[in-house]
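User: Please go through the nonpolar core and the salt bridges of the structure below.

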Amino acid sequence: AASNEDSTASSVRITAFRALTGLHPPGGSAWPASQSAFYLFAMHELLTANSRDASLTQLQRTLSQALVYIELPQVVSALRNVVSDAGLLSDLTGRVMEMAAGEVVAGRHPTPAVSLDWILDQLVAAWTGANAKAEKELQELFVRADDNGDGALRVPRERCLVRHTVY
C-alpha cells in the first residue's frame with residue numbers, strides 16, 4: 001500500500017509540475033500565471049512555516065521524497081499566512097484537522113499531519129473556487145454598470161479629467 005501511495009504522490013507532483021510549466025498540462029493548456037504563483041507560494045509557506053531559514057537544498061530534499069507529511073501546527077500556521085478569508089480559513093482548518101486525525105487512526109503517520117499533496121490540492125481547489133466567484137461578481141458588476149447594454153463602459157467626462165489630474 002505504501003508504494004501505491006508513493007506513486008500517487010509522485011503522480012500528483014508531476015501533473016502539477018507539467019501544468020505549471022506547460023509541458024503536458026491537463027486539458028491542453030497551462031495553469032494561469034496567477035494560479036501557478038499561488039501554488040508555489042502555498043508550497044513554500046507549507047514547507048517553511050516553522051523554519052524560515054530553510055535552505056534550497058532542504059526544500060529540494062523534502063520535495064524529492066515520495067510522500068511528504070506536514071505536521072498539523074505547521075499546516076495551520078501556513079494556512080493563516082495563505083488564506084485571508086476567515087470563513088474559508090475556518091473551513092480549511094477543520095478539514096485539515098479531520099484529515100490529520102484520520103492519518104493517525106489509519107496508521108499512516110504517528111502524529112497529526114497531512115500530506116503535502118493533499119493540502120496543496122485543497123488550497124488550489126479553494127483558490128480556484130474563490131477566483132471563479134470573484135470573476136462572476138465582477139462580470140455581474142460590469143453588466144449592471146453597462147447602462148445601455150452595448151458591452152462598453154463609458155466614463156463621464158468629469159471623471160476623465162480627475163483621472164488625468166491625479167495621474
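**Core and salt bridges**

Analyst: In the largest nonpolar core, which has 27 residues, those touching the most other members are Leu46, Val75, Leu79, Val96, Ile119 and Leu123. A nonpolar core here is a set of buried Ala, Val, Leu, Ile, Met, Phe, Trp, Tyr and Cys residues joined through side-chain atoms within 4.5 Å. Buried means under 20% relative accessible area, exposed over 50%, and partly exposed in between (1.4 Å probe, protein chains only). This is a predicted model, in which local features need pLDDT of at least 70 and side-chain atom pairs pLDDT 80 or more, while totals for chains, interfaces and linings use all residues. Residues are numbered from 1 along each chain as its sequence is written, and side-chain values use heavy atoms, with hydrogens and water left out.

User: Which helix gives the most residues to this core?

Analyst: Two or more residues each come from helix H2 (33–48), helix H4 (72–82), helix H5 (86–105) and helix H6 (116–145). Helices are DSSP runs (H or I, at least four residues), numbered from the N terminus. The most, 8 residues, come from H6.

User: Which residues is Ile119 in contact with, leaving aside neighbours within four places in sequence?

Analyst: Ile119 is among the core residues that touch the most other members. Contact means heavy atoms within 4.5 Å. With those neighbours set aside, the partners of Ile119 are Leu46, Val75, Leu79, Val96 and Val114.

User: How many salt bridges does a search of the whole structure find?

Analyst: A salt bridge needs a side-chain nitrogen of Lys or Arg within 4 Å of a carboxyl oxygen of Asp or Glu. Searching the whole structure on that basis, the number of salt bridges is 3.

User: What is the N to O distance between Arg95 and Asp91?

Analyst: Arg95 and Asp91 are 4 residues apart in helix H5, so about one helical turn separates them. Arg95 is partly exposed at 31% relative accessibility, and Asp91 is partly exposed at 38%. Their side chains form a salt bridge with an N to O distance of 2.6 Å.

User: Is Glu103 buried or exposed?

Analyst: Glu103 forms a salt bridge with Arg108, with the closest N and O atoms 3.0 Å apart. Arg108 is partly exposed, at 38% relative accessibility. Glu103 has a relative accessible area of 7%, and therefore counts as buried.

User: What is the relative accessible area of Lys136?

Analyst: Lys136 and Glu140 are 4 residues apart in helix H6, about one turn, and their side chains meet in a salt bridge (3.9 Å, N to O). Glu140 is partly exposed, with 38% relative accessible area. Lys136 is exposed, with a relative accessible area of 55%.
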